[in-house]
Amino acid sequence: MDNSLIEIENVSLLRNDKSVLKNISFEIKKSQALNLYGLNGSGKTSLLKIIIGMTEPTSGFIKNVSGDEDLFKKTIYIGHKYGIKGNLTVKENLSYALTDNSDNSQLIIKTALETYKMTQHKSMLTKNLSHGQQKKVSLMKTLITNSLLWVIDEPYSALDDESINIFNNTAKAYLEKGGALIMTSHKEIKESFFTTKNYKIYS
Amino acid sequence: MKILNIITKEFLLASRSGYEIFMPIVYLLIIIIFFNISISYVAKDIMLELLPLMIWISCLLICILNLETIFKEDYDDGTLEMFLIKNDGIEIGILIKILSHWLLSNLPIVIVAPLIAMVLGLDTATTLTLFLTLLIGTPTMSLIGSIAAALTISLRKNKILVSIIVLPMYVPILIFGTSAVNNSFFKMNYSTELTLMSFLFFIFLLITPLACSKALKISLD
């Protein structure tokens, strides 16, 4: 029980009288990465939205068993929309995303930029960046905030192989520190660096 | 600290968006110039009587112009999602967003409109009333409008719907505002109207954050 963050119990979702999700139950534990995979339209994104509380399930529960009431405040969600402002530069986007403005915030941003190899683009407006680079900026947010859980919808889409490696490495480090990760993708991840528990959604 | 952070962010974004922030003032000038040309055949004293009322109506129309933009950009780029999921000070955050919207698109006309009225020959007392009623009336209109904007945010073309939703709710503000200005023009008492307008403002100040956060959550579902 100690390691569990969230319990998902018998979650079902109906949309326009069609069953999208049916009796889904699993647990999210610390130091565990969960990859939800399934076909297009199988309800991956809907399930993520239910987990973070954006959508109400038709039946079932999402239980916060972490013992931390603020778990969802300490959750980072990156969806299909990246949540970055096109009219702000990369650096400004990151500094507005910082949760606390401590003295070493500049250092944190610098490290994040270096990790994703975006230092030379830090003064560019994000609307002028490519799709993949914008995705990287939104993924960088996971590095600059203290969080207990990452919820990321298709982290690999629009990324090149190098960036996928970078993301995998940061996720690995994060899991070792006791974080948890839920993500979606189209396929099973076999050659992963981190211990992934795959969860297939049948609809 | 955090509040100031959001306001500076909004101002930075507005300054990068180009000339859009001057749009309300330009609109006001256009309406007033056209109005003055069209009623130049009317006697001067009748024109002066109409002038503050006409300015009030044009300010109200300008306030409707970009209401739907309050949450639109945040909705489109996904910042709104993240903000609502954090579930941390949503109501305050919404109020700050409305405040910065008012500061950027309504405050300029609240300041410019009385100045124009003075230039066109309105007496000082009525100009002051005009300024006061606009100062109380426009934030109320922003608050009401933000509820409509939040309700219709998931629709692609919500501009017409927002205008239709807010129009009946703007009627009381328009009645009190123009009545106060008119009373002031004829040297009558207008404190009742001002009190009622402030009352409306505080009511919506209380209702709006709750209504907006609920409406936004529903629309993201």
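This is a predicted model: local features need pLDDT of at least 70, side-chain atom pairs count only at pLDDT 80 or more; totals for chains, interfaces and linings use all residues.
Contact here means heavy atoms within 4.5 Å. Setting aside neighbours within four places in sequence, A:Phe26 is in contact with A:Ile6, A:Glu7, A:Ile8, A:Leu34, A:Leu36, A:Leu47, A:Ile51 and A:Tyr199. A:Phe26 also belongs to the largest nonpolar core, a group of 84 residues in which A:Phe26 and A:Ile28 touch the most other members. The biggest contribution to this core comes from chain B, where helix α3 (residues 44–65) supplies eleven residues. As general background, nonpolar side chains in soluble globular proteins tend to be buried together.

Attention can now turn to the strands of chain A. An open sheet is formed there by three strands, in the order β2-β1-β4, with antiparallel pairing. Its edges are β2 (18–29) and β4 (59–64) of chain A, each of which pairs on one side only. On average, and ignoring direction, neighbouring strands of the sheet are turned by 10° against each other.

Strand β1 (residues 4–15) of chain A joins β2(A) in the antiparallel sense through eight bridges, and A:Arg15 stands opposite A:Lys18 in β2(A). Packed on this sheet is helix α1 (residues 44–51) of chain A, which touches β1, β2 and β4 of chain A. The direction of helix α1 of chain A makes about 55° with that of β2(A).

Definitions and conventions:
Residues are numbered from 1 along each chain as its sequence is written. Chains are lettered from A and ligands numbered from 1 in the order in which they are written. Side-chain values use heavy atoms; hydrogens and water are left out. A nonpolar core is a set of buried Ala, Val, Leu, Ile, Met, Phe, Trp, Tyr and Cys residues joined through side-chain atoms within 4.5 Å. Buried means under 20% relative accessible area, exposed over 50%, partly exposed in between (1.4 Å probe, protein chains only). Helices (H or I, at least four residues) and strands (E, at least two) are DSSP runs, numbered from the N terminus. Two strands pair if DSSP finds at least two bridges between them. Axes are lines fitted to C-alpha atoms, for helices over the stretch in contact, and angles run from 0 to 180 degrees between N-to-C directions.
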